[in-house]
Amino acid sequence: MATAVGDRLTTVWTGLDRRHHLALAALVVGVLAVVPLVTNNEFLMNTLVLIFLFGTMGHGWNILGGYAGQVSLGHAVMFAAGAYTTAILFVYYGITPIVGIPVGGVVAAVVGLALGAATFRLRYHYFAMATLAAALIVRVIFFRWEWVGGATGIEYPFAELGTLASLTFRGNLPYYYLIGGFALLTTLFVYVMDRSKLGTYLKAINMDQAAAESAGIDAFRYKSYAMGLSSLITGVCGGLYAQYVLYIDPASTLRLLRNIDIIMVAIVGGIGTVLGPLIGAGVFITVREYTRTSLSGTQTGLGYVIFGVVLLFISMYRPGGILNRYGGRWDD
Amino acid sequence: MAQFEVDDVHAGYDDLPVLKGVDVSVEAGEMVCMIGPNGAGKSTLFRVIYGLLSPTSGEVRYRNESVLGLSQRALLDHGIAYILQRDAVFPDMTIRDNLEMGAYTAPDGYDLEAQIGQMYDLFPMLEERADQNAGTLSGGQRQMLEFARGLILDPDLILLDEPTAGLAPKIIDQVFGKIEEINETGVTVLMIEQNVKTGLQYADRAYVLEDGQTRFSGPADNILDRPEVRDAYLGGGTDEADGEGGSEARL
């Protein structure tokens with residue numbers, strides 16, 4: 001059934017032209033924009049905020065992993081770079097997150113480019129392993145680094161919350177629009193990129209790097225562009241996450257599963273597709289939040305078990321993800 | 001003056017020298033075939049020419065200008081195209097998009113539509129299937145697409161790395177027929193070929209590479225008749241390899 005639904009979605013989407021895409025997107029955005037006016041259900045709002053956040057992170061990962069084909073298992077590093085930069089600038093130096101979040105994105109992009117420069121010579125699983133190793137090393141460093149709070153991390157001071165300069169809010173509503181807005185912006189960017197020359201070159205490198213190089217495409221340069229953009233988006237997500245939870249530590253920002261979460265939403269939704277990460281985040285976060293709240297206490301890990309089963313079925317019946325860029329042919 | 005020259009190139013991997021003095025000289029408009037047993041250094045030579053491997057000494061010149069160590073893009077800008085040995089199309093792009101990718105480095109004022117039109121004239125099959133994904137093509141058709149992609153910038157010299165590798169015998173003649181057609185439009189062709197007999201049938205001249213050195217060169221049609229070539233290339237046993245069937249079996 002999931003296969004049929006996914007095929008249907010893929011066909012409907014690819015069968016439409018640009019005007020219809022925008023009209024459909026406007027409709028979805030319109031509905032989402034009025035949701036908070038209709039309900040103020042905490043659970044629903046929190047779930048949607050997290051879907052926006054994870055969907056956007058999925059977008060970030062997807063530019064590098066889905067389009068350029070460089071599977072990074074270390075994107076938590078860029079996420080943490082953005083989160084820590086934002087929190088440190090605000091809590092230590094009193095710099096507003098309105099500045100801190102973009103700076104965090106830039107720091108994450110620089111970190112990503114450095115990581116890329118060191119690892120882009122590696123291909124396939126060697127690249128994935130190198131990025132995973134980087135994530136594990138950074139995690140250990142942050143656990144021991146006193147200046148960034150070590151294992152206890154950094155907490156936002158309660159007294160300064162709620163002001164515009166702090167970009168922190170009571171209640172979910174402002175976060176809903178803030179993070180939702182960034183999700184929308186990122187989605188539009190990926191939509192344009194997908195059809196741009198950059199998107200085409202990244203796909204070409206993904207399909208056959210040697211062939212792309214023989215056509216004169218500088219693979220290293222384009223992979224670096226992808227890494228920079230991917231890291232920037234992931235870093236901004238880190239900053240937004242810090243603003244939302246008001247507390248960051250290595251255990252939450254750099255845990256191993258964080259790397260996997262980011263990839264999961266892209267893979268489930270459809271790797272290398274514009275809407276895949278959002279759809280994947282919808283499935284992933286809904287399952288996770290529902291199981292987390294309704295099965296609280298002893299069965300906290302159950303969400304991952306259920307999601308694991310979902311993932312298993314997707315990999316068996318729809319290996320390209322719910323929206324399948326390759327129309328069923330993925331193993332090639 | 002030769003259009004393209006390889007001058008005393010030595011190269012290898014770590015401590016293993018593969019090329020121990022290779023000299024090649026190709027005139028404009030020629031079709032030259034490099035042959036030699038496995039491990040003779042044919043692919044290594046192409047890697048050096050295409051800037052994927054740095055030689056320890058020697059020089060590669062194009063129109064009397066050194067092109068050693070240039071990027072693939074710079075070589076394309078010089079008018080040298082490289083067509084990879086294996087199947088190297090972009091399977092999830094249409095044939096037209098594949099051709100457009102070939103024009104990635106096109107200079108200002110380049111007429112993409114006209115060039116694509118020329119490629120369609122040369123390979124009508126590609127026009128019929130322009131909107132089809134390249135992944136749906138057969139092996140021989142993919143090879144044609146690769147040729148077209150390599151030719152779209154109108155290069156003066158194409159390097160072909162085993163253009164018929166992995167193709168059915170029936171297709172091989174067609175592919176060589178196309179290479180000959182390309183050559184007749186004035187494009188210089190330098191190729192490595194494993195299907196020695198067929199390759200030599202079509203080429204003007206051949207080089208025999210053995211143990212990292214160019215041992216012989218001469219007109220392609222009689223190079224296999226030279227006893228020293230047969231000796232080197234067939235690894236001795238000249239007498240037995242005399243007959244048609246005998247030499248083919250060994251090749």
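A residue is buried if 20 or more other C-beta atoms lie within 10 Å of its own, exposed if 12 or fewer, and partly exposed in between, with C-beta atoms placed from the backbone. The model is predicted: local features need pLDDT of at least 70, side-chain atom pairs count only at pLDDT 80 or more, and totals for chains, interfaces and linings use all residues. Residues are numbered from 1 along each chain as its sequence is written, and chains are lettered from A and ligands numbered from 1 in the order in which they are written.

Start with chain A. It has 14 helices and two strands. These are DSSP runs, numbered from the N terminus: H or I of at least four residues for helices, E of at least two for strands. The radius of gyration of chain A, taken over C-alpha atoms, is 19 Å. That agrees with a compact globule of 332 residues, which would have a value near 20 Å; the rule is 2.2 Å times the number of residues to the power 0.38. The C-alpha trace spans about 55 × 45 × 40 Å along its principal axes. Of the 332 residues in chain A, 47% are buried.

Now the backbone. Most residues other than glycine have a negative phi. Leu246(A) has a positive phi of about 60°. This residue sits in the loop between helix H10 (219-245) and strand S2 (247-248) of chain A. Leu246(A) counts as partly exposed because it has 15 C-beta neighbours inside 10 Å.

Turn to a sheet in chain B. Four strands form it, open and antiparallel, in the order S2-S1-S4-S5. Strand S2 (16-26) and strand S5 (65-66) are the edges, each pairing on one side only. Pairing requires at least two DSSP bridges between two strands. Strand S1 (residues 4-13) and strand S4 (residues 57-62) of chain B are joined by five. His10(B) stands opposite Ser57(B) in S4(B). Helix H1 (residues 42-49) of chain B packs on the sheet and touches S1, S2 and S4. The direction of H1 makes about 70° with that of S2(B). Here axes are lines fitted to C-alpha atoms, for helices over the stretch in contact, and angles run from 0 to 180 degrees between N-to-C directions.

How values were computed
Two residues are in contact if their C-beta atoms, placed from the backbone, lie within 7 Å.
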